[in-house]
Amino acid sequence: MGMAPAPPHTPMPAATTPAAVSITCSSSYEDDDGAASSWSLSSPRRQPYRRLLHDEAQRLRRARRSQGPGADTPRWVRRTNDQMARYVEDDRAGHVHGRHVVAAVRAVRATASRPAADMRQAMASFVAKLTFREMCVVLREQRGWRQARDFFAWMKLQLCYEPDVVAYTILLRLYGRVGKIKLAEETFLEMLEAGCEPDAVACGTLLCAYARWGRHKDMMLFYSAVRRRDIVPPISVFNYMISSLQKQRLHAKVIHVWKHMREANVVPNQFTYTVVVSSYAKEGLLEEAMDAFGEMRRRRFVPEETTYSLLISLSSKHGKGEQALRLFEEMKDRGIVPSNYTCASLLALYYKNEDYSKALSLFSEMEQYKITPDEVIYGILIRIYGKLGLYEDAQDTFEEIEKAGLLSDEQTYVAMAQVHMNARDYDRALEVLESMRMRNVKPSNFSYGALLRCYVAKEDVVSAEDTFRVLSTCGLPDVYCCNDLLRLYMRLGHLENARALILKMREEDFQLDEDLCMTVMEFYCKSSMIDDAEKLFKEIQRNGKTMKIATMISLIEMYARNRISMFLKEESLPKALDSTDSSAANIVLKSLLDMPEGLSNACQLISKLAREGDTDHAKFLYEQLTALGTKPDDSALATLIVQYGQNQQLEKAHELFESASALSLLHSFS
């Protein structure tokens, strides 16, 4: 037995197996330290063999010195005595293939420097000298697509040529490498017309060409055709496809291909799981991402830091803080060093949960791992200082970021401005936001929203309206900005401006959140807009939103002052108080009584109306409560009776006292 260095690339497999590894027809091998292993032969020619291997190893060392650390390491193949004899006596002289194959490769490549060269003339001396297999090798070794195209045309004219999927696959790979998609499609159709049934490698080659050049629509159409033929591409092709789709943020299509892989029983590898988990996370599908992640661990693949980071961030956003912390501990147990993004996600979670002690301990771990905080982490630290009331520490951190040259994100400016607003120092907040503009940091709706809140807090209507106008350039601002400006209008008594803003929201079919619904309802009540209030109340009930007690009180007070029910505006009060729940006031009042402290708040409203001298409306509300079978507090009754006495309305006071006494007696028997 003997040892000989194998070529740096394996020879082309049989014709039934398409070539997957490129072969360099070069007379020099690139090698790391290629010393020959000791071997012994009973043949008397073992010394020449040993000398041959020694010379070859020396040549490889010399070639390696100019290659650097990227040089390839040769594989040493054990050979029999006869194989060693043939290895020495053949005419390859260290080449992978015979001399005539290497010469043919060079002859075809030489036509690249002669645009007008005729392939038939260039290959005239090789007619009837190359086998079909050797012609495939020559085709595969071409670097230019034109030379490959012309040689393939010459190749089809030879007697030994027979249509084969291997040759077409080689040409497909060459076209796909340089982006000649149209030629690749024509070659694939020619293969079908020639009667060659495409295999998984041929189909996968064209799929990879589509993926490589961003032709995702064509790729998915061709993939559907491949599936109809029951051809399952190898896992490497699937990985190429989903990687290309993910780079274009087509995460839904990544998930679509992943489901097809599962149906076809394709065994995924670590790269597959990494891409799929990432796409699930980018789509916000936490449960599916965790299922794929769990399967990845069961197959004993070690997840990357980016995979852990995405899942930690997604778990935090879905309110699953414990799961995020478990993933972080698992990552540390595996010896994976967290990135800045992971630390920022955890700090944001601690900030949201107001768990500031853990946030400080995480900063200690970052120092241990030698993780340098970036601007995002500093911004979260500023917010934490603001929550703790450590305004000077927040300011010092902000100045430290500025001195370090890290201050470039608008969110950091807004965080510092928010700290000043929490301290009611609105002038300094405006200075921070103004400095952001002076440094050419492009503002977004996020910073404009903070600017609007600052002007609203200062009750600067003109500046607030200007800021709101800027926000409205790309459509109506979000619910928070609308709510802030609407409350400012109501606080300052600018009801016409408030009415115009609400009308604009209704015209654009703006979706109100719970807080904005309450603000709009308070405006309707304050302006005695009964019909609009009733419509909004029905909408709140239909959407299952919860009204605040203060809003309910305002709504009931409006009904009490106007004595108007929802459907029976012309009916008498007794009919309006019928048990059919036709009165909107009764509906709101019932909702109020079902809430904690609801009866107490209703009685306080009765007392408030009575003290303001509005005894009729106070009595109306009192009768509403009694009609619902609820006994008001004695304090509310006493306040109303006293008010009747002060107004010299003794008969009404006596009548109310008698009805209250009868009601008390009825409740005592029940």
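Tutor: One definition before we start: a helix axis here is a line fitted to C-alpha atoms over the stretch in contact, and angles run from 0 to 180 degrees between N-to-C directions. Also keep in mind that this is a predicted model.

Student: Which residues make the contact?
Tutor: From α3, H100, V101, A104, V105 and V108. From α5, E134, V137 and V138. By class, the contact of α3 with α5 has 6 nonpolar, 1 polar and 1 charged residues.

Student: Now α19 and α20. How do their axes cross?
Tutor: At roughly 165°, and the axes come within 8 Å. Helix α19 covers residues 375–387, and helix α20 covers residues 391–404. The cut-off for roughly antiparallel is over 145 degrees, so α19 is roughly antiparallel to α20. The crossing of α19 and α20 is left-handed.

Student: Which residues meet there?
Tutor: On the α19 side, E375, Y378, L381, I382, Y385 and G386. On the α20 side, Y391, D393, A394, T397, F398, E400 and I401. The residues of that contact divide into 8 nonpolar, 2 polar and 3 charged.

Student: Back up a bit. How many helices and strands are in the protein?
Tutor: The protein has 35 helices and 2 strands.

Student: And what share of the residues is buried?
Tutor: Buried residues make up 46% of the 670 residues. The protein exposes about 34,700 Å², and carbon and sulfur atoms supply 50% of that area.

Student: Which residues of α6 are buried?
Tutor: W145, Q147, A148, F151, F152, W154 and M155 are buried in helix α6, residues 145–155.

Student: What covers them?
Tutor: The cover includes α3 (99–110), α4 (119–122), α5 (132–140), α7 (165–178) and α8 (181–193).

Student: Buried or exposed?
Tutor: L159 is exposed, because its relative accessible area is 89% and the cut-off for exposed is over 50%. L159 and V127 are 32 residues apart in sequence, yet 9.2 Å apart in space, C-alpha to C-alpha.

Student: Next, S244. Why is it called buried?
Tutor: Because S244 has a relative accessible area of 11%, and buried means under 20%. S244 is found in helix α11, residues 235–247.

Student: Which residues does S244 touch?
Tutor: A211 and H216, not counting residues up to four places away in sequence.

Student: Last one, E434. Where is it?
Tutor: E434 is in helix α22, residues 426–438. E434 is partly exposed, with a relative accessible area of 35%. E434 and Y413 are 21 residues apart along the chain, and their C-alpha atoms are separated by 9.6 Å.

Conventions: Residues numbered from 1 in each chain as written. Predicted model: local features only at pLDDT ≥ 70, side-chain atom pairs only at ≥ 80, totals over all residues. Heavy atoms only, no water. Helix = DSSP H or I, 4+ residues; strand = E, 2+ residues; numbered from the N terminus. Buried < 20%, exposed > 50% of the residue type's maximum accessible area, 1.4 Å probe, protein only. Areas by Shrake-Rupley, 256 points an atom, 1.4 Å probe, with all protein chains shown as cover. Parallel < 35°, antiparallel > 145°, perpendicular 65-115°, else oblique. Left-handed = near helix turned anticlockwise from the far one by under 90°. Contact = heavy atoms within 4.5 Å. Nonpolar A, V, L, I, M, F, W, Y, C, P; charged D, E, K, R; others polar.
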